[in-house]
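Reader: I would like to go through this structure and ask what lies behind the terms used for it.

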Amino acid sequence: MVVRSPGLLTFSVEKNLGPKAEFFLKEMNGDVAQLKRFPQYFSFSLERRIRPRHRMLSQVGVSLPLEDMLKVSDGGFSDRLLELRFKTLEVGAGQRL
């Protein structure tokens, strides 16, 4: 993981790595393999990016891979969320017909 994201060595375990890992594993029901594939997860703000985006995805009932959820700008994320919401509505409407 450190080879892919050397900045991890500069993060505090207590203030950064621990809380983010705990949130990912417990709240997001993620697995360690995902973190190994995308260690940059730890470089994003838990309170300003990770938690709010996870909450929005959960409210809509969809999920995204970590990199798709976090790497895009706020506008790009909003667009993607809207697109996913429309797809879920289309699927739901198609099942009722």
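Reader: What is the accessible surface of the protein chain, and what share of it belongs to carbon and sulfur atoms?

Author: The model is a predicted one. Its protein chain has an accessible surface of about 6500 Å², and carbon and sulfur atoms hold 54% of that.

Reader: What makes Leu-82 partly exposed?

Author: The relative accessible area of Leu-82 is 47%. Buried means under 20% and exposed means over 50%, so a value of 47% falls in between and Leu-82 counts as partly exposed.

Reader: Which residues form the nonpolar patch on the surface with Leu-82?

Author: The patch consists of Leu-82, Phe-86 and Leu-89, with about 300 Å² of accessible area together. Patch residues need over 30% relative accessible area; Leu-82 has 47% and therefore passes that cut-off.

Reader: Where in the chain does Leu-82 lie?

Author: Leu-82 belongs to helix 5, which spans residues 74–96. The protein chain has five helices and zero strands, and from the N terminus on its elements run α-α-α-α-α.

Reader: How many residues does the protein chain have, and what percentage count as buried?

Author: There are 97 residues, of which 33% count as buried. The C-alpha atoms fill a box of roughly 55 × 25 × 25 Å along the principal axes.

Reader: What percentage of the contacts with a separation of 6 or more join residues 24 or more positions apart?

Author: That share is 49% in the protein chain.

Reader: How many positive and negative side chains are there, and how far apart are the centres of the two sets?

Author: The protein chain has 16 positive and 11 negative side chains, with the two centres 1 Å apart.

Key: Residues are numbered from 1 along each chain as its sequence is written. This is a predicted model: local features need pLDDT of at least 70, side-chain atom pairs count only at pLDDT 80 or more; totals for chains, interfaces and linings use all residues. Side-chain values use heavy atoms; hydrogens and water are left out. Helices (H or I, at least four residues) and strands (E, at least two) are DSSP runs, numbered from the N terminus. Buried means under 20% relative accessible area, exposed over 50%, partly exposed in between (1.4 Å probe, protein chains only). Contact means heavy atoms within 4.5 Å. Accessible areas come from the Shrake-Rupley method with a 1.4 Å probe; for residues, only the protein chains shown count as cover. Lys and Arg count as positive and Asp and Glu as negative; His and the chain ends are not counted. The place of a charge is taken as NZ of Lys, CZ of Arg, CG of Asp or CD of Glu. Patches are made of residues with over 30% relative accessible area and no salt bridge: like charges are joined within 9 Å, nonpolar side chains (Val, Leu, Ile, Met, Phe, Trp, Tyr) within 5 Å. A salt bridge is a side-chain nitrogen of Lys or Arg within 4 Å of a carboxyl oxygen of Asp or Glu.
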